[in-house]
Amino acid sequence: MFKFISALFCLFVLTVAVPVYASGDAEKPPQQEWGSNGILGTYDRAALQRGYKVYSQVCASCHSMERASYRNLADLGYSAQEVKAIAAEYTVVDGPDDEGEMFERPALPSDNFVSPFANRQAAMYANNGAFPPDMSLLVKARAGGADYIYALLTGYDEPPHGDELLDGQYWNKYMPGHVLAMAPPIADGMVAYEDGSPETLHQYSMDVSHFLAWVSEPHMEARKRTGLKAFLFLLVFAFVMYGVKKKVWADIH
Ligand code: HEC
């Protein structure tokens, strides 16, 4: 009886354990075709570099990315020299020096991404009281992941039924509750691409979402490769063990 009840309980948990959208009436973000989908999926280096450009030129003025460091950008295909040059564009506070004073110096590849605001209060003060969330793990922290980021960036609209919004509030089809404090951050033509990719809201949103997916899970490719190897090994091993079993039991009728 106990077994039956626990089986029933498991079945119940399995059926209801679908991702929960704390969204009320917000629409589910449509699925996009990411190169990183599926068990053989990999990140697209060119898209990641474009996405980094969008992040650093647009989003980084409000959103921090504290858990990533400049040297991680080598994964995107930048050389050691390029990573050094990117890091050196930022200033970090270091110290104390021999005299006990803190001092400023250009960032090194080993430094974490420099945050746009000194602390949470400063970030909220500059953004009408709303906090721009840190982007290091944002794709993992939101139901829908990269699909949600893309949908949010392209989901701004006029509020339906002529609803009134307060100053500094914007209506978005995909935001839980529909109202958020971030003005549409990007639009066509805002970031220059060198590789000839279209400079459109759609392309920027795809690229920056792809980039943020990488930031949240930089080792996804290695994880999938290891999983695939383990799977193939177990498959071959199963055949070998089947052969062994046949042989061991061959004389027993
Ligand atoms: C001018 C400042 C500013 C810029 C620039 C900006 N954001 Fe935001 N962002 C915010 C604020 C403030 C919030 C919090 C909004 C809220 O909670 O109502 C936010 C929230 C978000 C959220 C989270 C929504 C949620 O589910 O909670 C995402 C995703 C996001 N921003 C993506 C981006 C991307 C991608 C860029 C760059 C293309 C960007 N933002 C640029 C200020 C900014």
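**Exercise 1. Determine how many helices and strands the chain of this predicted model contains, and give their order.**

Solution. The secondary structure amounts to 8 helices and 4 strands. Following the sequence, these elements occur in the order α-α-α-β-β-α-α-α-β-β-α-α.

**Exercise 2. Compare the radius of gyration of the chain with that of a compact globule of 253 residues.**

Solution. Begin with the reference: a compact globule of 253 residues would have a radius of gyration near 18 Å. The chain itself has 24 Å. Next, consider the extent of the C-alpha trace, which spans about 80 × 60 × 45 Å along its principal axes.

**Exercise 3. State how far apart the mean positions of the positive and negative charges are.**

Solution. The chain carries 20 positive and 30 negative charges. Their mean positions are 18 Å apart.

**Exercise 4. Identify the assigned domains and characterise their spatial relation.**

Solution. The assignment gives domain 1 as 41-68 + 112-218 and domain 2 as 220-253. Over C-alpha atoms, the centres of domain 1 and domain 2 are separated by 45 Å. With contact meaning heavy atoms within 4.5 Å, 6 residues of domain 1 touch 4 residues of domain 2.

Technical notes: Residues numbered from 1 in each chain as written. Predicted model: local features only at pLDDT ≥ 70, side-chain atom pairs only at ≥ 80, totals over all residues. Heavy atoms only, no water. Helix = DSSP H or I, 4+ residues; strand = E, 2+ residues; numbered from the N terminus. Rg over C-alpha atoms; globule rule 2.2 N^0.38 Å. Lys, Arg positive; Asp, Glu negative; His and termini not counted. Charge placed at Lys NZ, Arg CZ, Asp CG, Glu CD. Domains from an automatic or database assignment.
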